[in-house]
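Here are some exercises to work through with the structure open beside you. Try each task on your own before you read its solution.

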Amino acid sequence: ALPDSGDEGAIYLRWHMEAAATADLHSRLQRSLRQTQQDAREAGVELSFNTTGTQWLLKLTGLQESMPGILEHALKSLTQVDADSPRSEPETPLIPIRQLLKALPEHVLQYAHSGDDAKHLWTTSRWDGLALGLNQQTQSAMGLALSRIPGVADNQLPAPATITAQKHWSHIDSASSEHALLLCCPTAGQNIADEAAWRLLAQLCQTPFYQRLRVELQLGYAVFSALRQMQGQTVILFGVQSPSARPVEVLKHIQQFLSSIPALIEQLDEFSLRQHLKSLAEQFDDANLSSKDAAELLWQAKLAGHSSDYLEQLLAAIGQLDRQTLLAAAQRLINAEGGWLCLASDPAPETL
């Protein structure tokens with residue numbers, strides 16, 4: 001899906017474990033990679049490792065020449081972790097809205113599918129992966145590193161994650177006097193046309209949402225809306241941190257904003273709508289897309305079950321959007337046809 005004639009590439013490796021990593025194990029795994037991450041950075045490669053529920057993800061992006069060696073060192077570091085391995089230093093406490101953002105991927109996975117012994121977890125794991133933009137020389141040099149991947153190669157990819165089409169509320173105790181709420185709104189379907197409509201809706205909502213909740217209502221200083229992709233799921237995310245408004249009140253304001261979206265779409269003249277479509281399509285033009293961003297899009301497409309010509313299909317779907325399809329998508333968003341997931345600093349209200 002990406003040309004192999006450039007200097008840059010990407011490698012994604014994902015493991016499905018029998019159990020989720022405890023906070024203690026996650027800390028030890030992160031600490032074990034620190035030196036390799038530093039060495040990788042000096043070689044022009046960004047290396048990251050994350051655990052989300054029972055899924056663990058190792059990601060390398062950047063200059064491909066040194067990737068095989070870096071991957072080999074990273075796998076060695078991760079698989080040697082045991083109960084005596086040192087932990088990372090405690091992290092600086094996050095503000096409430098950032099705590100919710102950090103917790104979100106795990107909750108998306110939790111609602112998509114209604115241990116401490118790292119060595120056992122590696123042994124019983126199943127893995128899959130994606131390599132992008134790697135030339136023949138790099139691919140040949142990958143042999144040794146690939147032979148050292150722990151677990152069993154998964155020939156049958158798991159079904160794409162989809163949040164059940166219900167309204168879920170999760171309480172995250174932020175230990176702060178401030179209130180915070182994230183509203184995560186997934187697409188109603190898994191096809192690329194749904195994603196294209198969601199991307200345009202997210203683009204249209206961004207400024208009006210900030211204007212309404214931050215400027216006019218002055219609910220708080222951390223106010224945003226954005227499109228996100230997690231576990232192959234495309235969502236529009238609305239976030240607010242407020243010193244005074246409780247999450248249930250914030251949710252009501254967000255719902256009122258959602259109900260105003262059809263009117264926003266109707267008020268757009270044809271020229272403005274075309275400009276929005278042009279701006280959205282340009283984000284996926286080869287000239288504007290870094291290899292790192294393209295790799296992340298293609299990884300998310302793989303998780304969603306799409307084929308390797310996903311970017312071409314997405315551009316074609318954006319080209320098919322018009323006012324009526326956008327209005328229909330807005331109605332699906334208002335009706336929460338793809339479900340809702342609220343993460344909040346308060347327990348759930350009696351009714352959503």
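**Exercise 1.** Is Arg-246 buried, partly exposed or exposed? Then find its salt-bridge partner.

*Solution.* Start with the ground rules. This is a predicted model, where local features need pLDDT of at least 70 and side-chain atom pairs count only at pLDDT 80 or more, while totals for chains, interfaces and linings use all residues. Residues are numbered from 1 along each chain as its sequence is written, and side-chain values use heavy atoms, with hydrogens and water left out.

Step 1: get the cut-offs. Buried means under 20% relative accessible area, exposed means over 50%, and partly exposed is in between (1.4 Å probe, protein chains only).

Step 2: apply them. Arg-246 has a relative accessible area of 44%, so it is partly exposed.

Step 3: look for the partner. The side chain of Arg-246 forms a salt bridge with that of Asp-346, at 2.8 Å from N to O. (A salt bridge is a side-chain nitrogen of Lys or Arg within 4 Å of a carboxyl oxygen of Asp or Glu.)

Step 4: Arg-246 sits in the loop between strand S9 (233–242) and helix H8 (247–259), and Asp-346 in the segment after strand S10 (340–344), so the pair ties together parts that are 100 residues apart in sequence. Helices (H or I, at least four residues) and strands (E, at least two) are DSSP runs, numbered from the N terminus.

Step 5: check Asp-346. Its relative accessible area is 13%, so Asp-346 is buried.

**Exercise 2.** How many salt bridges does the structure hold? Look at two more of them.

*Solution.* Step 1: the count is 14.

Step 1: take Lys-302 and Asp-128, whose side chains meet at 3.6 Å, N to O. Lys-302 belongs to helix H11 and Asp-128 to strand S4 (residues 126–132), so this bridge links parts that are 174 residues apart in sequence. Both Lys-302 and Asp-128 are buried.

Step 2: now take Asp-194 and Arg-332, a salt bridge of 3.5 Å, N to O. Asp-194 is in helix H7 (residues 192–216) and Arg-332 in helix H13 (residues 323–334), so here the parts tied together are 138 residues apart in sequence. Asp-194 is buried at 11% relative accessibility, whereas Arg-332 is partly exposed at 21%.

**Exercise 3.** What is the phi of Ala-175 near, and what is the phi of Gln-218 near?

*Solution.* Step 1: recall the general rule. Most residues other than glycine have a negative phi.

Step 1: read Ala-175. Its phi is near 50 degrees, a positive value. You'll find Ala-175 in the loop between strand S6 (167–171) and strand S7 (179–186), and at 77% relative accessibility Ala-175 is exposed.

Step 2: read Gln-218. Phi of Gln-218 is near 50 degrees, also positive in a residue other than glycine. Gln-218 sits in the loop between H7 and strand S8 (222–230) and is exposed, with a relative accessible area of 59%.

**Exercise 4.** How many helices and strands does the protein chain have, and what share of its residues is buried?

*Solution.* Step 1: count the elements. The protein chain has 13 helices and 10 strands.

Step 1: turn to burial. Buried residues make up 49% of the 352 residues.

Step 2: finish with the dimensions. The C-alpha trace spans about 60 × 45 × 35 Å along its principal axes.
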